[in-house]
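Colleague: I am new to this structure and would like to learn how to read its features one by one. Could you take me through them slowly?

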Amino acid sequence: HLGGMESRLDIGAPLLAKHLEERMCEHLETQYPKAIAKLQESLVDCIARLNVVQEQAPADVLHHMVSTMRKNFVEEKQSLMNELREDLSKMTSNIKNFYLRPLV
């Protein structure tokens with residue numbers, strides 16, 4: 001019984017291999033362009049992200065940091081000076097209005 005089956009396997013195996021190869025070729029022909037498009041899209045995204053976070057020289061980073069600190073100082077300087085004036089005014093007023101009462 002197994003002997004007859006072996007001859008049918010010998011005949012069917014090459015046909016099956018040919019059929020599978022044809023199907024794989026068809027599949028690759030339809031999927032290959034999709035894969036290329038996905039890879040191109042991913043490449044464009046990666047390049048865009050790299051441009052956003054591109055490497056900077058340490059001197060450029062320090063310059064940017066100092067510029068930001070200077071800008072923040074200039075913007076905050078006036079409000080800090082106003083707060084200092086108010087505090088000094090209150091302190092001067094409290095000193096002038098200080099009254100010693102007798103302990104008895």
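This is a predicted model: local features need pLDDT of at least 70, side-chain atom pairs count only at pLDDT 80 or more; totals for chains, interfaces and linings use all residues.

Colleague: What share of the 104 residues is buried?

Modeller: A residue is called buried when its relative accessible area is under 20%, and in this protein buried residues make up 0% of the 104 residues. The protein exposes about 10500 Å², and 64% of that area is supplied by carbon and sulfur atoms.

Colleague: Which residues form the negative surface patch?

Modeller: Asp and Glu are the residues that count as negative, and here the patch is formed by Glu75, Glu76, Glu83, Glu86 and Asp87. One of them, Glu83, lies in helix H2, which covers residues 58-96, and Glu83 counts as partly exposed because its relative accessibility is 46%.

Colleague: And which residues make the nonpolar surface patch?

Modeller: That patch, of about 470 Å², is made by Met81, Leu84, Leu88, Met91 and Ile95. Met91 also has its place in helix H2, and with a relative accessibility of 46% it counts as partly exposed, since that class runs between the 20% limit for buried and the 50% limit for exposed.

Colleague: How many disulfides does a search of the whole structure find?

Modeller: Such a pair needs two cysteine sulfur atoms within 2.5 Å, and the search of the whole structure finds zero disulfides. As for individual cysteines, Cys25 counts as partly exposed at 40% relative accessibility, and Cys46 likewise counts as partly exposed, at 32%.

Definitions and conventions
Residues are numbered from 1 along each chain as its sequence is written. Side-chain values use heavy atoms; hydrogens and water are left out. Patches are made of residues with over 30% relative accessible area and no salt bridge: like charges are joined within 9 Å, nonpolar side chains (Val, Leu, Ile, Met, Phe, Trp, Tyr) within 5 Å. Accessible areas come from the Shrake-Rupley method with a 1.4 Å probe; for residues, only the protein chains shown count as cover. A salt bridge is a side-chain nitrogen of Lys or Arg within 4 Å of a carboxyl oxygen of Asp or Glu. The place of a charge is taken as NZ of Lys, CZ of Arg, CG of Asp or CD of Glu. Helices (H or I, at least four residues) and strands (E, at least two) are DSSP runs, numbered from the N terminus. Buried means under 20% relative accessible area, exposed over 50%, partly exposed in between (1.4 Å probe, protein chains only).
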